[in-house]
Amino acid sequence: MPLHDVGYRAWTGATVSPWLRWWVIATVGIRIALRSTWLGRTLILSAVPAIGFGVIFFVYEQSITQPELRQAIANMVTVAGGTQPMIQAAITDPVAARHEIWSALLLAFFRYPQTVLLLVVVGLVAPRLISYDLRNKGYLLYFSRPIQPWEYILGKSVIVWFFIAVITTMPAILLYIIGLSLSSDVTVVAATWDLPLRVVASSFLLMVPTTALALACSALTIESRNAVFAWFAVWLVGWVTYGVLTSGAVIEAEQRRHRGFGVPQAYSFVSRWELLSPYHLLGRVQQWIFGLFPEDHSVLPYLSILLVTTVLCLLFIYRQLRARMVA
Amino acid sequence: MNTLDEPVLHLENVTKFYGKRLALDDVTLQVSPGVTGLLGPNGCGKSTMIKCLLGLLKFQQGRARVMGHELPQGVRSIRDAVGYVPEDDCFLAGLSGIESTCFMARLSGLPAIEGLRRAHESMDYADIGQERYRNVETYSTGMRQKLKFAQAIVHDPALLILDEPTSGLDPAQRVSLLKKIKTLATHHNKSVLICTHILHDVSQICDNVVIMAAGRIKLVDSLENLSRPSRSGVQVRLEQNTASADSLDSCLQTFMAAMTRAGHEFDRQSHDAFLIHNVQPHQADSIWRAAADAGVTIFQLKPAKNSLEEVFLSAVRETEHAVA
């Protein structure tokens, strides 16, 4: 029993802007997500590739003054998926090729280690964001407050965007800064000033559709484990389908490369089946953003698919929320 | 139109369909400040009406105003002014009780620090002690009910809409919560719409009663009016006279025969209780005589009153007959 109880007290303070409620959903969601030990470990792991790519940037900048390092750079660029002319340029004139090489390295960073880590991080964070609210009827608590469905979806999306930014945008920008600081050439800023903007644009195109897809998986079910399964299945099925449908063409291209016909270029092999695989679809759009997209092809189908997927996913989430109100 | 004064809720010809099923049938209602009980059988449209008032569901026809704000344009202002306790067991996974309440405060626009302070205050008021630091998933049903109440009052709303607020609470907690709700209404000028199946709760704290059935408003009146006797009469409760050798049943049969002979109309309300019509307590000589002749003792005789249960059942039966 309390010794003194003032009972109920009125509140007469000023409220914050009504248009920033999504921010509250986002910050609280991020705090809850960060309590996961596995997520913490994955975020730490996601910094490892950045260190590796930092070394490549360092070696590249050193190769400008130390020509004996250029062959090593050529090998690294080959591994990163660089084209033959790009590799030649890196050997003959690394200063002139800097923009293209840096773009290729940043794209490789985005496309290979970070996209895989993105799958894991989003798989850890996103599936429970809506499914838990559906299972525990938390949506009634949200929507009895001055919150509209679009604010709820935006708030939940920002949670996923934050973690995608942590594993992609932030390390990529850091890589760029490392590249700048390790360069002995002051013209590097003028030559590469647009790359941070491309990193941001690339991150944006990675974040928006993947988040919409992940949240749609989460809104699909009240069991978060089913949402996790759906999330990974979409990527895996797309990737396997693409692999099966294009295996013949890839083998042929590789054979031509080995015979010295000069068709290598992982980047220049374009297949319409890429539209079936989210991984390849996103990679192609990022390639376009970094200015490495094959000139004889159009990026429009890729962008259209991403746009349609995003809109359909958002509509699906909205519909699921509305449907729950009636139940 | 059912009219009470200065409405906090105003519905005019509100009609809501779920597909082809009619959930709210041309509902017109005004609810005045104070504590109003919303009664009705399961599936009669109470929760649908509440969800419509909060803008959670859209209605197809009619107009609705809550605290002077028109729906659907004023839905943000309405949700700012309303604290809602949902009927369902709902919570936000991964948060402790205090975090959850603070989160609700911030969603209603309170700054972070103020929200935390206010969350502690409302949890104190809801009698949630150190459990507030535990994860809400570990809460019992009663604790979750108290948590929902704390969350509903955290932003100091002018109107509370409470859907089955006492379900899952033990008797002591129920009495305590009802007292708190009454205090909010009487001392802090809050209006309360309480939706419940427990008629006793309504009779304890409500000023007005709304009864719904089959998606329609069947009755709106003050509790005081509903409790007035509908016609003159007395209620008597009998027990066996210790001097009588006959069984209670046979004594009661004799009593009923004597009452019929004396020309009284009566209803048997329970085994040993009778409602005798058209007689005032001071004109009860013939009842006393009939009891003495039958070998039973009258241990209670009082003016007849409508019970809320009778009013409720009568309103619901009317609807059932109309539907049939």
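This is a predicted model: local features need pLDDT of at least 70, side-chain atom pairs count only at pLDDT 80 or more; totals for chains, interfaces and linings use all residues.
Colleague: Let's start with chain A: how many helices and strands does it have?
Modeller: Read along the sequence, chain A follows the pattern α-α-α-α-α-α-α-α-α-α-α-α-α-α. Its C-alpha atoms fill a box of roughly 85 × 45 × 30 Å along the principal axes. The count is 14 helices and 0 strands.

Colleague: Which residues of helix H7 of chain A are buried?
Modeller: Helix H7 of chain A covers residues 127–135 and is mostly covered, with 8 of its 9 residues buried. After the helix comes A:Lys137, with a positive phi near 55 degrees. The buried residues are A:Pro127, A:Arg128, A:Leu129, A:Ile130, A:Ser131, A:Tyr132, A:Asp133 and A:Leu134.

Colleague: Turning to chain B, what distance separates the centres of its two domains?
Modeller: Chain B is divided into domain 1, residues 9–227, and domain 2, residues 233–303. The C-alpha trace of the chain spans about 75 × 45 × 35 Å along its principal axes. Taken over C-alpha atoms, the domain centres are separated by 45 Å.

Colleague: What is the strand order of the open sheet of 6 strands in chain B?
Modeller: The edge strands, each pairing on one side only, are E6 (82–85) and E10 (216–222) of chain B. The average twist from one strand to the next is 15 degrees. Pairing in the sheet is mixed, and the order is E6-E7-E8-E3-E9-E10.

Colleague: Do strands E3 and E8 of chain B run parallel or antiparallel?
Modeller: E3 covers residues 35–39 and E8 residues 191–195 of chain B, with 4 bridges joining them. B:Thr36 stands opposite B:Leu193 in E8(B). The two strands run parallel.

Colleague: Which strands of the sheet does H6(B) touch?
Modeller: Helix H5 of chain B, residues 141–153, also packs on the sheet, and its direction makes about 170 degrees with that of E6(B). For H6(B), the direction makes about 150 degrees with that of E8(B). The strands of chain B that H6(B) touches are E3, E7 and E8.

Colleague: Finally, how do the residues of chain B that touch chain A divide into nonpolar, polar and charged?
Modeller: The contact takes 35 residues from chain B and 27 residues from chain A. On the chain B side, helices H2 (75–81), H3 (97–107), H4 (112–125) and H6 (171–187) each supply at least two residues. The division on that side is 18 nonpolar, 7 polar and 10 charged.

Conventions
Residues are numbered from 1 along each chain as its sequence is written. Chains are lettered from A and ligands numbered from 1 in the order in which they are written. Domain bounds come from an automatic or database domain assignment. A residue is buried if 20 or more other C-beta atoms lie within 10 Å of its own, exposed if 12 or fewer, and partly exposed in between; C-beta atoms are placed from the backbone. Two residues are in contact if their C-beta atoms, placed from the backbone, lie within 7 Å. Ala, Val, Leu, Ile, Met, Phe, Trp, Tyr, Cys and Pro count as nonpolar, Asp, Glu, Lys and Arg as charged, and the others, Gly among them, as polar. Two strands pair if DSSP finds at least two bridges between them. Axes are lines fitted to C-alpha atoms, for helices over the stretch in contact, and angles run from 0 to 180 degrees between N-to-C directions.
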